[in-house]
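User: I would like to learn how to read a protein structure, taking one feature at a time. Could we begin with how a residue is judged to be hidden or open?

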Amino acid sequence: DFATAWFAKAARYLKTLQEQAEALKVKVVPGDFAFVSTNSIVQGQPVPSLFGPLFRDGWRLKFAYRTFPWESEATGKAAVHCVITGFTRSEVPEKRSVRVFDYDWSTRRTVEQEPVHTLNAYLVEGPNVLVEKRSKPLSSLIPEVVRGSQPTDGGNLIVEVEDYPVVAADPMAARYLRPFVGAKELVQGLERWCLWLDDATEEEIASSPVLSARVAGVVHMRVQSTKKVTQELAQTPHLFGEMRQPLDPYVCIPRVVSANRPVFTVKRFSADTIASDATFTALDPDGFLFALISSSMFIIWQRTVGGQLKSDLRFSNTVVWNNLPLPEVSEEQRTKVIAAGRKVLAAREAIEERAGEPVSLADMYASLATMDPALRAAHDELDSAVDVAFGATRRCSSEAKRLEILFERYQELTAAEEAAKPAKKPRARRRTAK
């Protein structure tokens, strides 16, 4: 993030001034600095790169204004989402003196919160933990999640609602027609399909007017591409460009969801539903992952360490998921989490039965205030089970308590991981010829 260069320059400049004053034996007050910046500096992967060097050099947050919209003077609409962060190297006072401001999105006013003792890089009270991206999960209890399949097809393997009757009327094409779910379809309950021709033969494709025309369209699109990799994919035009479809029941995770929803909206699917690259997937045979991701503990972790697209939450497998600090969970506790997750699914089904038609997750989870009472009660029970699984004695009463537990577990798991690494062998000294 180019904005972070100004933080580095300010910190170095003030440190140099102080060192020069000390060399001259002149007493000076340590300088402070503050900037308005995009809120990306306190989200996801950029956080350790900025805050790591600052914290190591003795800087700490003196105040912060958390995410607020910066409105365009021309249009009056929010063009970007910002934060204001102030840094100091003065000694930490004993009393809670770090000022924190929030933007009230409903009233569009600034609200000053109660002062805190310290703020970490994610602008929440707690230890200076820096969550860096990882290639594998920190917890041994959760599998890796992967991006869904990417068509790279020019739309030829995708079947929209208006095209469905024609494609379904072709007997051979209908055989390979599959539900296709991306982030929008998952959350908003929209219908979309794709032609999943993994097992289709050349003879079958040639015998179908629909399939032969669509595959020819893929060839044309890929050959015309300026990318060599895409051009090479023209050799297998019936296949998606990237295929990562689970072969067993899985939980589907949208890459981006609204920050206004009280939970991270996910859904379980059978292997017959093809997940697009606008989602992530993980095998979930018993529903444990569905329950875990649907909990308040997870969405608070996502909001704190994950990135955002404006104010929307952006899921990341390397930063959010792979760092989720789930400790060892007993079989009894795991069973309780799964059972609570099934109650959430049952409450969703009951809502649709009463409506007499499908109801989208966007409508079910529009806000905490409008949630169906039975669905909200099911999530309360789920939170109780997940909170205890993370080490709480009972259901947490606040986000602050959940964050405290999450960062404690993260420190414990990373410390254990570090302790388990084999000790480095000392380098052998080179013998010099006499």
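User: Is Lys 25 buried or exposed, and why?

Analyst: The general idea is a scale of relative accessible area, on which buried means under 20%, exposed over 50% and partly exposed in between, found with a 1.4 Å probe on protein chains only. Lys 25 has a relative accessible area of 78%, and therefore counts as exposed. Please keep in mind that this is a predicted model, in which local features need pLDDT of at least 70 and side-chain atom pairs count only at pLDDT 80 or more, while totals for chains, interfaces and linings use all residues. Residues are numbered from 1 along each chain as its sequence is written, and side-chain values use heavy atoms, with hydrogens and water left out.

User: Where does Lys 25 sit in the chain, and what is its phi?

Analyst: To name places we use helices (DSSP runs of H or I, at least four residues) and strands (runs of E, at least two), numbered from the N terminus. Lys 25 belongs to the loop between helix 1, residues 4-23, and strand 1, residues 33-38. As a general idea about phi, most residues other than glycine have a negative value. Lys 25, which is not a glycine, has a positive phi near 60 degrees.

Arg 108 lies in the loop between strand 4 and strand 5 (109-112), and is classed as exposed because its relative accessible area is 53%.

User: Which residues of helix 2 are buried?

Analyst: An α-helix has 3.6 residues a turn, so residues three or four places apart point the same way. In helix 2, which covers residues 46-56, the buried residues are Val 47, Pro 48, Leu 50, Phe 51, Gly 52, Leu 54 and Phe 55. Over the whole chain of 434 residues, 45% are buried, and the chain holds 15 helices and 16 strands.

User: Which residues touch the most other members of the largest nonpolar core?

Analyst: In soluble globular proteins, nonpolar side chains tend to be buried together. A nonpolar core is a set of buried Ala, Val, Leu, Ile, Met, Phe, Trp, Tyr and Cys residues joined through side-chain atoms within 4.5 Å. In this model the largest core has 89 residues, and Phe 264 and Trp 321 touch the most other members. A second, separate core has 22 residues, among them Val 159, Met 172, Trp 196 and Val 215.

User: How many residues line the second largest pocket, and which are closest to its centre?

Analyst: On a 1 Å grid over the protein atoms alone, a pocket is an open set of points where a 1.4 Å probe fits, with protein on both sides within 12 Å along at least five of seven lines, and lining residues have an atom within 4 Å of a point. The volume, meaning the space filled by probe spheres set on the points, is about 620 Å³ for the second largest pocket. It is lined by 24 residues, with Leu 186, Gly 189, Lys 267, Phe 269 and Glu 352 closest to its centre. Helix 12 gives the most to this lining, with four residues.

Gly 189 is found in the loop between helix 5 and strand 9 (193-195) and, at 52% relative accessibility, counts as exposed. Gly 189 and Glu 352 are 163 residues apart along the chain, and their C-alpha atoms are separated by 12 Å.

User: What is the volume of the largest pocket?

Analyst: The largest pocket holds about 1600 Å³ of space. Its lining has 50 residues, of which Arg 66, Ile 300, Arg 303, Thr 304 and Glu 399 lie nearest the centre.
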